[in-house]
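Here is a short report on some local features of one protein model. Keep the structure open while reading.

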Amino acid sequence: MKAQAAIYHGPKQSLTVEEIDVDSPMAHEVLISNAACGVCHSDLHFASGAYPVSAPCILGHESAGVVEAVGSAVTTLRPGDHVVAFNISACGICDLCMAGHPVLCANQHLTQRPQDAAPRYSWKGRDVTGQIMHLGRARQFPVGFANRLLMHERCAVRIAHDIPLERAALIGCAVITGVGAAVNSARVTPGASVAVFGTGGVGIAVIQGARLAGAGRIIAVDIFDAKLEAARRFGATDAVNAARTDAVAEVRRLTAGTGVDFSFEAIGTKKTIEQCFECLALGGTAAIIGGVAAGIRMELDPNFLKGERRLIGVTMGSARYQLDIPRYAELYLRGRLNLDDMISRRIALGGIDDAFRAMQAGELIRAVVMFE
Ligand SMILES: [Zn+2]
Ligand SMILES: [Zn+2]
């Protein structure tokens with residue numbers, strides 16, 4: 001079946017919009033009519049070559065849409081269901097899944113197509129399902145920049161019909177990662193002080209997660225004044241422009257010298273990761289969320305760590321995604337999660353390159369590709 005997709009051809013090359021072929025669903029797969037897909041910083045990392053992915057391929061991984069058809073063995077979804085496409089698929093039965101860490105599932109290959117099967121997506125006869133390294137293992141790229149998506153049923157999570165799909169799309173990466181980092185990974189407590197480095201889609205979601213958890217002070221750190229101003233609308237109580245001041249010193253000044261109880265890094269540079277850790281109070285927790293280019297190493301003072309400070313890594317907000325995605329949709333519907341203002345720009349498939357440029361210039365929280 002035919003579909004439209006933005007094809008990635010290699011680092012620093014423009015994406016092109018092409019007609020592709022999407023295969024029919026195998027037994028456990030669902031075909032989704034994609035309504036919208038957010039443009040994530042990780043896509044930019046793939047497109048710039050910072051994260052290796054095979055080319056040509058289709059990027060994008062923050063989609064929501066409507067189930068169009070299901071494979072013969074699908075029991076959990078029906079045509080017409082509204083779903084968020086999650087980019088990690090868990091087996092549900094391995095040790096990590098059983099321990100409540102499905103995003104670390106050891107058996108994700110089970111929900112991918114076997115090597116000898118026809119590709120899910122092809123263009124001019126070539127397989128355009130990208131291969132990436134994830135948690136040390138090769139896996140197929142989830143795909144979002146196409147108007148039809150084909151995936152294992154366990155990657156598609158049903159949501160209520162009344163949440164608009166372009167808002168729901170944001171839940172699949174930015175929101176589940178950011179809110180989850182605050183409430184699941186770091187477990188922000190009521191009244192706690194929080195710093196958030198980076199106020200793109202994920203950072204804004206961390207701020208909202210901290211607000212939902214009842215944090216007292218929420219300090220947003222960025223280098224763009226417009227983004228810091230926007231951060232206040234989502235719950236930041238203070239803003240620090242790290243281009244003009246020493247962010248660590250300023251966070252300490254704002255907290256009467258103690259530092260913050262929880263600190264989050266949603267950028268992925270050596271400097272901001274180190275700052276995220278260095279602004280912690282005694283007993284505080286620093287959570288590293290931002291995607292980091294291969295080869296980056298950080299330097300930390302072990303004696304500082306001994307103040308009972310903790311440094312944790314976050315994958316997809318430590319989500320139990322089948323549970324969390326419908327809950328975040330519900331929070332949106334009850335007016336407690338602001339997804340409306342996270343969408344800075346609605347674009348067509350041909351506008352992704354410009355969205356990448358705008359993200360680097362600090363002009364957006366999220367651009368969302370809208371499909372017909
Ligand atoms: Zn993402
Ligand atoms: Zn598993």
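## Helix H10 and its surroundings

Helix H10 spans residues 352-360, and its buried residues are Ile352, Ala355 and Met359. Viewed down the helix axis, these buried residues fall within an arc of 50 degrees, so they line one face of H10. Arg357 and Gln360 sit on the other side of H10 and are exposed. This is a predicted model.

What do the buried residues of H10 pack against? Their partners are strands S1, S3 (29-39), S19 (343-347) and S20 (366-370), together with helix H1 (41-48). Just after H10 comes Gly362, with a positive phi of about 75 degrees.

## The open sheet

S1, one of the strands packed against by H10, also belongs to a sheet. That sheet is open and has five strands, in the order S4-S1-S2-S7-S8. Pairing is antiparallel. Strands S4 (57-58) and S8 (126-127) are the edges, and each pairs on one side only.

Strand S1 covers residues 2-8 and pairs with S4 over two bridges, in the antiparallel sense. Ile7 has Ile58 in S4 as its bridge partner.

## Helices H3 and H4

Two packed helices are described by the angle between their axes and the distance between the axes. For helix H3 (residues 165-185) and helix H4 (residues 201-212), the axes come within 7 Å and cross at roughly 45 degrees. H3 is therefore oblique to H4. The crossing of H3 and H4 is right-handed.

Which residues meet here? The H3 side includes Leu170, Ala174, Val175 and Gly178. The H4 side includes Gly201, Ile204, Ala205 and Leu212.

Definitions and conventions. Residues are numbered from 1 along each chain as its sequence is written. Chains are lettered from A and ligands numbered from 1 in the order in which they are written. This is a predicted model: local features need pLDDT of at least 70, side-chain atom pairs count only at pLDDT 80 or more; totals for chains, interfaces and linings use all residues. Two strands pair if DSSP finds at least two bridges between them. Helices (H or I, at least four residues) and strands (E, at least two) are DSSP runs, numbered from the N terminus. A residue is buried if 20 or more other C-beta atoms lie within 10 Å of its own, exposed if 12 or fewer, and partly exposed in between; C-beta atoms are placed from the backbone. The arc is that of the directions from the helix axis to the C-beta atoms. Two residues are in contact if their C-beta atoms, placed from the backbone, lie within 7 Å. Axes are lines fitted to C-alpha atoms, for helices over the stretch in contact, and angles run from 0 to 180 degrees between N-to-C directions. Angles under 35 degrees count as roughly parallel, over 145 as roughly antiparallel, 65 to 115 as roughly perpendicular and the rest as oblique. A crossing is left-handed if the near helix is turned anticlockwise from the far one by less than a right angle, and right-handed if clockwise.
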